[in-house]
Amino acid sequence: MKPRGVLLAGNWKMNHLQKETLTFLDALAPVLKNTPKQNSQMRIYVPALSLEVAAKKVKTDSILLQIGCQNAHYEKAGAFTGEISVPMLKEIGVDQVLVGHSERRQLFGETNETVLKRTVSALEQGMEVLVCVGETLEERNQGKMQSVLQSQLELLVQHETARKAFGEKLHIAYEPVWAIGTGVTASPAQAAEAHALIRELLQTKVSPAYANATRILYGGSVTPANFKELLACSDIDGGLVGGASLKIESWTQLWALI
Ligand code: PGA
């Protein structure tokens, strides 16, 4: 068994209407009930407008599934058109948030600074945060994978709030940008190398104990065909899954592999 347990996290991005969400959860409930996993969790980051119905359903039907939001603003309220605040999430019973997904970084101008602000604010308000990091293909080809990961994590490992949260309320997802939604998965060796670098960085810049307690998830074209091999790597503590989380068949197959 993995020392940190395994987290299977789905990222639905901008997919599934409320009705589809409820149908999915109805199908998922018996699977989770019949195949409980010791020390492992399942979580889905659903679109913001489905958070409330999903959170309610999970609570009412006692489904062992964590529901998370795909982003949250660092201010509690104010003139930030189109954004969602942590108090709004907490009001509907959501205490999980994904921060710094590469689509947020590439398409919506998220930077290491805003990732830090969103992370710290969410942590200070009692949320659990999964921060995404990962290099582009160009950066990898230029031999910059390590320095990109270091710079994406640098502000976090320096910040007192984040430092204290690693391993408890703060975890990391390594998602190489070239593997997201492309069908090209990192090989177990490539993923293992990046995960080991991240773990090492946390060990030296935060502390060995916090580093060892931190879950580092792999994301990028995870499927039932490649998940087992990835999961066999010692520093890979689960998956952050886009495409294969959308269909109940592939999603439950992934769960069966844990
Ligand atoms: P993918 O997406 O599994 O479809 O590659 C992963 C993600 O973006 O989190």
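The following questions and answers go through a predicted model of one protein chain.

Student: What should I know about numbering and confidence limits in this model?
Tutor: Residues are numbered from 1 along each chain as its sequence is written, and side-chain values use heavy atoms, with hydrogens and water left out. The model is predicted, so totals for chains, interfaces and linings use all residues, while side-chain atom pairs count only at pLDDT 80 or more and local features need pLDDT of at least 70.

Student: How many helices and strands does the protein chain have?
Tutor: Helices (H or I, at least four residues) and strands (E, at least two) are DSSP runs, numbered from the N terminus. Counted this way, the protein chain has 12 helices and eight strands.

Student: Which radius of gyration does the protein chain have?
Tutor: The radius is taken over C-alpha atoms, and the globule rule is 2.2 Å times the number of residues to the power 0.38. For 258 residues, a compact globule would come near 18 Å; the value for the protein chain agrees with this, at 17 Å.

Student: What share of the residues in the protein chain is buried?
Tutor: Buried means under 20% relative accessible area, exposed over 50%, and partly exposed in between (1.4 Å probe, protein chains only). Of the 258 residues, the buried share is 52%.

Student: What share of the contacts joins residues at least 24 apart?
Tutor: A contact means heavy atoms within 4.5 Å. Among contacts between residues at least 6 apart in sequence, the share that joins residues at least 24 apart is 74%.

Student: Why is the pair of Trp12 and Phe24 classed as it is?
Tutor: Rings of Phe, Tyr and Trp (its six-membered ring) pair if their centres lie within 6.5 Å; planes under 30 degrees apart count as stacked, over 60 as edge-to-face and the rest as tilted. The structure holds two aromatic pairs. In the pair of Trp12 and Phe24, the centres are 4.8 Å apart and the planes stand at 80°, so the class is edge-to-face.

Student: Which parts does the pair of Trp12 and Phe24 tie together?
Tutor: Trp12 is buried at 0% relative accessibility, and Phe24 is buried at 6%. The pair ties together parts 12 residues apart in sequence, because Trp12 lies in the loop between strand 1 (7-11) and helix 1 (18-34), and Phe24 in helix 1.

Student: What class does the pair of Tyr174 and Tyr218 have?
Tutor: Both Tyr174 and Tyr218 are buried. Tyr174 lies in strand 6 (residues 170-174) and Tyr218 in strand 7 (residues 216-219), so the pair ties together parts 44 residues apart in sequence. The ring centres are 6.4 Å apart with planes at 55°, so the pair is tilted.

Student: Which elements are among those covering the buried residues of helix 12?
Tutor: The buried residues of helix 12 (residues 248-256) are Ser250, Trp251, Thr252, Leu254 and Trp255. Their cover includes strand 1, helix 1, strand 2 (41-45), helix 11 (227-231) and strand 8 (238-241).

Student: Is Ser62 buried or exposed?
Tutor: Ser62 is found in the loop between helix 2 (51-60) and strand 3 (66-68). Ser62 has a positive phi of about 50° although it is not a glycine. At 61% relative accessibility, Ser62 counts as exposed.

Student: Is Ser221 buried or exposed?
Tutor: Ser221 lies in the loop between strand 7 and helix 11. The phi of Ser221 is positive, near 55°, in a residue other than glycine. With 16% relative accessibility, Ser221 counts as buried.
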